[in-house]
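Trainee: I would like to learn how to read a structure such as this one, feature by feature. Could you take me through it slowly, with the general idea before each case?

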Amino acid sequence: GARFEGKEKTSNSNSGENVEVTINIVDESKHTLCGRMRVKTSSHDYPYNNTLFVGEIIGTKNGFLTRKWDADEETDKEHWARFGYKFSPFAKKFNTENFDYQQVDNFDYLFMRWKEIGIFNENCERSGRDSHDRVSHGFHYICMQKHDGKMDGYFFHKPHHDCSQTIELKPVLNDTPGVLLLR
């Protein structure tokens, strides 16, 4: 699949954890995707957590308003606004009934939501309770620049709404062609 590497940072850690994302399937007809996120942890027993996720690509099929996963309109406004100038052309009208999503489809940035559906350690065992809570309640707001593949994002987790977690990713370019299944 298409691979990306970068850092996942929290308000408690300036250096962040190394993270690798592989997007395995993109279904263009439904504007959805799925993949795996691998995060280096500080645990000696389980140095990596592998997260499976499903995603929605914002556009004519999936709007900016989440309407699930404990996110309300205020949460969406707050998190999408964190993308600054990338989101500013849509900030005033994204939540209106007659919003034209064709302009989003033709924009230089691709907006997505990634919902984690399972976290496993390197031995394919489910990780602990904290990880379960994160999967149950959280998701990432993601923005990818189409021309270079760079992504940044913000994690939303309702019980820890005040916790600021970010992710920054760059595409991994190598001599081996990536396999990305488009449906």
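This is a predicted model: local features need pLDDT of at least 70, side-chain atom pairs count only at pLDDT 80 or more; totals for chains, interfaces and linings use all residues.

Trainee: How many disulfides does a search of the whole structure find?

Mentor: The general idea is that a disulfide is a covalent bond joining the sulfur atoms of two cysteines. In this case, searching the whole structure gives zero disulfides.

Trainee: How should I read the aromatic rings, and how many aromatic pairs does the structure hold?

Mentor: Two rings are judged by the distance between their centres and by the angle between their planes, and an angle over 60 degrees counts as edge-to-face. The structure holds 26 aromatic pairs. One of them joins Phe 64 and Phe 94, with 5.8 Å from centre to centre and 85° between the planes, which is an edge-to-face arrangement. This pair links distant parts of the chain, 30 residues apart, since Phe 64 is in the loop between β4 (48–57) and α1 (73–81), while Phe 94 is in the loop between α1 and α2 (102–105).

Trainee: Are Phe 64 and Phe 94 buried or exposed?

Mentor: Both Phe 64 and Phe 94 are buried. Another edge-to-face pair is formed by Phe 99 and Tyr 101, at 4.6 Å centre to centre and with 75° between the planes. Phe 99 counts as buried because its relative accessibility is 11%, and Tyr 101 is buried too, with a relative accessible area of 16%.

Trainee: Which residue lies over the face of Trp 69?

Mentor: That residue is Lys 68, which lies at 4.7 Å from the ring centre of Trp 69.

Trainee: Which residues are buried in α1, and how do I read their placing?

Mentor: An α-helix has 3.6 residues a turn, so residues three or four places apart point the same way. In α1, the residues Thr 75, Asp 76, His 79 and Trp 80 are buried. Because they cover an arc of only 115° around the axis, they are on the same side of α1. At the start of this helix, a side-chain oxygen of Asp 72 comes within 3.2 Å of the backbone nitrogen of Glu 74.

Trainee: Where is Gln 165 placed, and with which side chain does Gln 165 make a polar contact?

Mentor: Gln 165 belongs to strand β8 (residues 165–171), and counts as buried because its relative accessibility is 7%. The side chain of Gln 165 makes a polar contact with that of Glu 8, at 3.0 Å.

Notes
Residues are numbered from 1 along each chain as its sequence is written. Side-chain values use heavy atoms; hydrogens and water are left out. Rings of Phe, Tyr and Trp (its six-membered ring) pair if their centres lie within 6.5 Å; planes under 30 degrees apart count as stacked, over 60 as edge-to-face and the rest as tilted. Helices (H or I, at least four residues) and strands (E, at least two) are DSSP runs, numbered from the N terminus. Buried means under 20% relative accessible area, exposed over 50%, partly exposed in between (1.4 Å probe, protein chains only). A charge sits over a ring if NZ of Lys or CZ of Arg is within 6 Å of the ring centre and within 35 degrees of the ring normal. The arc is that of the directions from the helix axis to the C-beta atoms. A polar contact is a pair of N or O atoms within 3.5 Å; within protein, one must be able to donate a hydrogen and the other to accept it, and residues adjacent in sequence count only if both atoms are side-chain atoms. A disulfide is a pair of cysteine sulfur atoms within 2.5 Å.
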